Amino acid sequence: MPAVSFQGVAKTYQGARGTLRALDGVSFDIAEGEFFGLLGPNGAGKTTLISVLAGLGRATEGCVTVMGHDVVSDYPAARRALGLVPQELVFDPFFSVRETLRIQSGYFGVRGNEAWIDELLQGLGLADKAHANMRQLSGGMKRRVLVAQALVHKPPVIVLDEPTAGVDVELRQTLWQFVAQLNKQGSTVLLTTHYLEEAEALCGRIAMLKAGKVVALDRTANLLAAASGSVLRFKTDDALPPHLAEHARITGRMVQIRTKDAQAVETMLAKLREANVRIEDLEIGRADLEEVFLSIMQAPSSPRTGTAQEVLA
Ligand SMILES: Nc1ncnc2c1ncn2[C@@H]1O[C@H](COP(=O)(O)OP(=O)(O)OP(=O)(O)O)[C@@H](O)[C@H]1O
């Protein structure tokens, strides 16, 4: 039995400009114990898919289960199997951290879990904040409480919706250490993030969504291996001519250009010289997940799974 199963999931919204298909036939399974990444640009449908999974929104078509429980017909069991760390920070400001966690436990009918609450506070670096009122906490600390709150009932499936958006390096490390440990102990993790280096480091398998459709789904290692070729990285103060700039990823002075092979590197360097682009700190490296992601997102839309090679060719 998969930990999570999406079968033919579609979701439409009625807007001023007609019907929007936010999810369009999404089907995939996440096995028990996987650390699974769900990636996609803004508006791809990630949050919509997670809302359907957590029973916060209904799919227009299709079927979703968590640990075998249908999220509509068997909602309480499906919801209990899930620990959702939402994007937004919403708390009652008058309770302390420990009270907040006790109340959440009560919501799931869990009692006598003080030892686990202590473990959560410890693991998330909140031990000295147990008695602090929620309104006294910084944004980063509140986010830690949000994670603890999602885990009070020891759910077998943990869903993290962009948990590190705008949080500092220390919290990211605490969070990933803690979640990685839970995953090692058997928890299934579904993560959405815009930080592709996090997804590359943590996720065993990744699905990429684009305009409501799954456009890539494979083991992270296979996605990276399929991105054969190299990336030319250098710095420059000069503007690239448009015919070169359109193939480049430019971040300030840093330029990255994907090339197929060694011959293509030579050709690209010759073209840069010809265009009088002075380059500094030249490096030739392997494509990372960000490169893979961008090539897949730029490819013409047609759903493909397990065939990133074709998408990138
Ligand atoms: N309640 C709603 N009513 C109408 N349209 C909506 C609603 N919620 C989401 N949408 C639309 O559905 C599409 C998918 O949105 P969604 O929030 O799921 O994307 P996302 O992948 O989570 O994006 P982001 O990375 O920005 O969080 C978008 O076009 C969005 O504008």
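Trainee: Fine. What kind of model is this?

Mentor: This is a predicted model.

Trainee: Which domains is the protein divided into?

Mentor: There is domain 1, residues 4-223, and domain 2, residues 229-286. Taken over C-alpha atoms, the centres of domain 1 and domain 2 are 38 Å apart.

Trainee: Now helix 5. What should its span be, and what is the distance between its end C-alpha atoms?

Mentor: Helix 5 covers residues 139-151, which is 13 residues. At 1.5 Å a residue it should span 18 Å, and the end C-alpha atoms are 19 Å apart, so the two agree.

Trainee: Which residues of helix 5 are buried?

Mentor: The buried residues include Arg-143, Arg-144, Val-145 and Leu-146. Ala-150 and Leu-151 are also among them.

Trainee: And what covers the buried residues of helix 5?

Mentor: The cover includes strand 6 (82-85) and strand 7 (157-161). Helix 3 (97-107), helix 4 (114-123) and helix 6 (169-184) are also part of it.

Trainee: Next topic, the loops. Where is Lys-154?

Mentor: Lys-154 is in the loop between helix 5 and strand 7. Its phi is positive, about 50°, although Lys-154 is not a glycine.

Trainee: Why does Lys-154 count as partly exposed?

Mentor: Because 14 other C-beta atoms lie within 10 Å of Lys-154. Buried would take 20 or more, and exposed 12 or fewer.

Trainee: What about Asn-276, buried or exposed?

Mentor: Asn-276 is exposed, because it has 8 C-beta neighbours inside 10 Å. Asn-276 sits in the loop between helix 10 (262-274) and strand 14 (280-286). Asn-276 is not a glycine, yet has a positive phi of about 60°.

Technical notes:
Residues numbered from 1 in each chain as written. Predicted model: local features only at pLDDT ≥ 70, side-chain atom pairs only at ≥ 80, totals over all residues. Helix = DSSP H or I, 4+ residues; strand = E, 2+ residues; numbered from the N terminus. Expected span 1.5 Å × (residues − 1). Contact = placed C-beta atoms within 7 Å. Domains from an automatic or database assignment.
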